[in-house]
Amino acid sequence: MNDLFTWAALGTIAGASAATLLATNVIGGLIGPSGDKLRKWIAIAIALLLSYVTAAFADDAGGEKWFIAFFNALVIFSAALGVNQFPPGNRQATPTQVASGREPRVFRSWV
């Protein structure tokens, strides 16, 4: 259990970014194809939640921690989704293939 996420790890940018990416992909996958459009919003909501929860546990910081928590959430969001992927003009087109429905569902991409 100590090798997986811990509270201390979630309090770091790397841990919070990994948790945001993981949770966003799992929730988006569970929602289904309509979840693809929601992934950015799910990710920013999780990043804000993690950032403000971390700020709530910061005892040695003053009132400015709530302001800084917002910008930390933006860093978490950017690291989780890849800030180099925005705007869409920076992305390289990848060929997509429509599933014919003949292959087993387990082998279809859910991303």
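What you have here is a predicted model, in which local features need pLDDT of at least 70, side-chain atom pairs count only at pLDDT 80 or more, and totals for chains, interfaces and linings use all residues. Residues are numbered from 1 along each chain as its sequence is written, and side-chain values use heavy atoms, with hydrogens and water left out.

Let's start with the overall fold. The protein has 4 helices and 0 strands (DSSP runs of H or I with at least four residues, or of E with at least two). The span 42-59 is 83% helix, and its end C-alpha atoms lie 28 Å apart.

Now look inside. Of the 111 residues, 23% count as buried (under 20% relative accessible area, 1.4 Å probe, protein chains only). The largest nonpolar core has 12 residues, among them Leu10, Ile44 and Phe77; a core joins buried Ala, Val, Leu, Ile, Met, Phe, Trp, Tyr and Cys residues through side-chain atoms within 4.5 Å. H3 (39-56) gives the most to this core, with 6 residues. Leaving aside neighbours within four places in sequence, Leu10 is in contact (heavy atoms within 4.5 Å) with residues including Phe5, Ala16 and Thr54.

Finally, turn to helix H4, residues 65-81, where Leu74 sits.

Technical notes
Buried means under 20% relative accessible area, exposed over 50%, partly exposed in between (1.4 Å probe, protein chains only).
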